[in-house]
Amino acid sequence: MLCPVFRAALPLALSLCLAAPARAAPDCAGRLGTSRVMEVDPVGLQVGTKHFPQTLDLADHEVVLTFDDGPLPGTTPAVLKALAHECVRATFFVIGRNAAAHPDLLRREIAEGHTVGHHSMTHPMTLADIPYDKAVADIEKGLKADDKAAYGAAGTRPRVPFFRFPGFGSSPELLAYLGQRGIGVFGADLWASDWNLMTPEAQLTLVMGRLDHAGRGIILFHDTREQTAKMLPAFLSALKEKGYRVVHIVPPPPQTAAAP
Ligand SMILES: [Zn+2]
């Protein structure tokens, strides 16, 4: 039986879900797996303690895996392979121009059960440092490019209303804009610093040290980084050995008209 989906604002219901596996496919026996699915309401959402006062309602040893800046041939397929091997679902915050260039990879992310959120069209560093109108245009182009690449068409509202600012460069005005659009903003609770060149071994030591210190949280990686792709199998093994559990975040299902 699949773990039921609850809203993030219901910690009691969520705690009841902890013991239920999100997937019970036989080929996932003995793998890390996805512990539970958390439905996250994007309205007014601003989470990740690196940037905001609050974060997702995660229990001790629960983690949310997020990957930014893809999709990119070479590294993204390696990340997907590692996640699939451990039956783990993650969230990808993709750049619109990369999505448009590699729609096959974007569709593979979705087909394999991952959540695809948005990370602007061109990844300005940062959106807060360019004129407001240009920043909004870059955000909107990214939303449309992502959905067109993923689903063949883009509506007014993105299918997955999750956004992460490039370089975490937000401004009150842009946060207000996304809030009015009903798009939730994700920061992170800890990151791998994988924008710095290091060996996969050093990368693993760094991120596990930070995670063991924090005990839980939204973790930021980049699926465009070779050191991250190479490290990921060992990282997922370490999560399993140390009793961490992976939480998969998803948006609420699309609203449909009530039955007559
Ligand atoms: Zn980025």
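Predicted model: local features only at pLDDT ≥ 70, side-chain atom pairs only at ≥ 80, totals over all residues.
How many residues does α8 have, and how far does this helix reach from its first C-alpha to its last? The helix has 16 residues and reaches 24 Å, close to the 22 Å expected at 1.5 Å a residue.

**The whole protein**

Start with everything shown as a cartoon. The secondary structure comes to 8 helices and 11 strands. The protein has 260 residues, and 52% of them count as buried.

**The largest nonpolar core**

In soluble globular proteins, nonpolar side chains tend to be buried together. Select Leu65, Leu83, Phe235 and Leu239. Within the largest nonpolar core, which has 33 residues, these four touch the most other members. Then colour the elements that each supply at least two residues of this core: β4 (62–68), α2 (75–85), β5 (91–94), α5 (132–151), α7 (200–214), β10 (217–222) and α8 (226–241). The largest contribution is that of α8, with 7 residues.

Zoom in on Leu65. Apart from neighbours within four places in sequence, Leu65 is in contact with Leu83, Val88, Ala90, Thr91, Ile219, Phe221, Phe235, Leu236, Leu239 and Val246.

**Helix α2**

Select α2 and show its side chains. The buried residues here are Thr75, Thr76, Val79, Leu80, Ala82 and Leu83. Now look down the axis of α2: the buried residues fall within an arc of 165 degrees, so they line one face of the helix. What do these buried residues pack against? Their partners are β4, β5, α4 (103–111) and α8. Moving past the end of α2, stop at Cys87, which has a positive phi, near 55 degrees.

**Helix α8**

Go back to α8 and view it from the side. Where does the helix kink? A kink of about 45 degrees lies at Leu232, shortly before the proline Pro233. Next, pick out the buried residues of α8, which are Gln227, Thr228, Ala229, Met231, Leu232, Phe235, Leu236, Ala238 and Leu239. Among the elements that cover them are β4, α2, α7, β10 and β11 (245–250). Just after α8 comes Gly243, with a positive phi of about 80 degrees.

**Asp68**

Select Asp68, which lies in strand β4. Is this residue buried or exposed? Asp68 has a relative accessible area of 2%, so it is buried. Show what surrounds this residue: leaving out residues up to four places away in sequence, Asp68 touches Phe93, His119, Arg164, Leu220, Phe221, His222, Asp223 and Thr224.

**Asn98**

The last stop is Asn98, found in helix α3 (residues 96–101). Its relative accessibility is 16%, and the cut-off for buried is under 20%, so Asn98 counts as buried. Not counting residues up to four places away in sequence, Asn98 touches Asp69, Gly70 and Pro71. To finish, draw a distance from the C-alpha of Asn98 to that of Gly142. The two residues are 44 apart in sequence, and their C-alpha atoms are 9.7 Å apart in space.

Conventions:
Residues numbered from 1 in each chain as written. Heavy atoms only, no water. Core = buried A, V, L, I, M, F, W, Y, C linked by side-chain atoms within 4.5 Å. Buried < 20%, exposed > 50% of the residue type's maximum accessible area, 1.4 Å probe, protein only. Helix = DSSP H or I, 4+ residues; strand = E, 2+ residues; numbered from the N terminus. Contact = heavy atoms within 4.5 Å. Arc of directions from axis to C-beta. Expected span 1.5 Å × (residues − 1). Bend = angle between axes of the 7 residues up to and from the residue.
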